[in-house]
Amino acid sequence: MATVRMIDIAVNFTDNMFKGIYNGKQHHIGDVAAVLARAWSAGVDRIIVTGGSLEESKEALAIAETDGRLFCTVGVHPTRCKEFEDSGDPEKHFQALASLAKEGIEKGKVVVAIGECGLDYDRLHFCPADIQKKYFEKQFELADAVKLPMFLHMRAAAEDFCDILARNKERFNAGVVHSFTDSAEDRDKLLSFSNVFIGVNGCSLKTAENLDVVKGIPVERMMIETDSPYCEIKNTHAGIKLVKSVWPSKKKEKYDPECIVKGRNEPCLVKQVLEVVAGCKGIGDTDQLSKIIYHNTCRVFFPHDLDSTADALLSGGHDIQ
């Protein structure tokens, strides 16, 4: 029985890889059920499925409805914000997002955040900065209307991102900047917002510099994720030396439902993220670390069922930094 309890805050179950399709070619059957079984047995007890467009958010909600331990986000990723204007009626498109979010809340709090939204200046070829900024700001309206936290994306855009966050700080109760890969300076800009947490995954743990940045995130402000099927911890990454848990894997061409698909990340591997965070911070007790991170995640996304143990943990104080 797993002693750690983890919540993977970012899983892209709408991605074709979980349907067995890689680069347009079918290699195996869809295997979300097998992937979930591995996650639950590893100590993951909730997963948030990411929505990055209106259509993807609809699919994420449908997936989340299949299991009481699955939840989702509703929003538009910065690289896809042109979909508002391409729709021919941006306001109607926005209202469709709002209706979807409300539907998910009415279905028993299946929708737990607005997003993935934010700014991505590394991929301006997908969507220009001015359109990204316009519709990032617009999605705070949605968070305010439905009273949900924000699931945020920031890539090479810290100044504009933090300006928009500051302007809209009264319109959202909390948020997480997921898949954080930026500098210590950008980390500290985010930490200056008391209601913003930082999500860490394999992409956050690639280099020695990345590990130094992660080391400086207080555990009380951190969440963990896989962002699967992307952002796995690879053998070339600095963080790999701190990984303790391994699963058998096979190439997609030799698919075996009992094994991880080599090169495809999945939620059970969030345990490796926890291990690397513990290792780079010099924390020996991953169980204690997992409790604090679990509590952080519940505070933001599942405040209705924070248990007394987690509350006692926070109020009682601890030595982990």
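Start with strand β9, residues 196–200: 3 bridges join β9 to β10, and the two run parallel. Select glycine 199 next, and methionine 223 in β10 is opposite. Strands here are DSSP runs of E, at least two residues long; helices are H or I runs of at least four, and both are numbered from the N terminus. Two strands pair if DSSP finds at least two bridges between them.

Before going further, note that this is a predicted model, where local features need pLDDT of at least 70, side-chain atom pairs count only at pLDDT 80 or more, and totals for chains, interfaces and linings use all residues. Residues are numbered from 1 along each chain as its sequence is written, and side-chain values use heavy atoms, with hydrogens and water left out.

**The sheet**

Now show the open sheet of 8 strands. Its order is β1-β4-β5-β6-β7-β8-β9-β10, with parallel pairing. Color β1 (6–11) and β10 (222–224): these are the edge strands, each pairing on one side only. On average, neighbouring strands of this sheet are turned by 30 degrees against each other, direction ignored. Axes are lines fitted to C-alpha atoms, for helices over the stretch in contact; angles run from 0 to 180 degrees between N-to-C directions.

**The helices**

Select helix α1, residues 32–42. This helix packs on the sheet and touches β1, β4 (44–49) and β5 (70–74). The direction of α1 makes about 135 degrees with that of β4. Contact means heavy atoms within 4.5 Å.

Move to helix α4, residues 90–106, which packs on the sheet against β5 and β6 (111–120). Its direction makes about 145 degrees with that of β6.

Then pick helix α2, residues 54–64. Its buried residues include Leu54, Ala60, Leu61 and Ile63. Buried means under 20% relative accessible area, exposed over 50%, partly exposed in between (1.4 Å probe, protein chains only). The buried residues of α2 pack against β4, β5, α3 (82–86), α4 and β6.

Finish with His153 and His178, listed by UniProt for "binding site" in an unreviewed entry. They span 26 residues in sequence, yet no two of their C-alpha atoms are more than 5.9 Å apart, so they gather at one spot.

Histidine 153 is in strand β7, residues 150–155. Its relative accessibility is 3%, so histidine 153 counts as buried. Beyond neighbours within four places in sequence, histidine 153 has contacts including His77, Glu116, Asp120 and His178.

Histidine 178 is in strand β8, residues 175–178. Histidine 178 is buried too, at 2% relative accessible area. With neighbours within four places in sequence left aside, its contacts include Glu116, His153, Gly199 and Asp227.

Methods:
UniProt positions renumbered as here; feature names shortened; annotations may be inferred.
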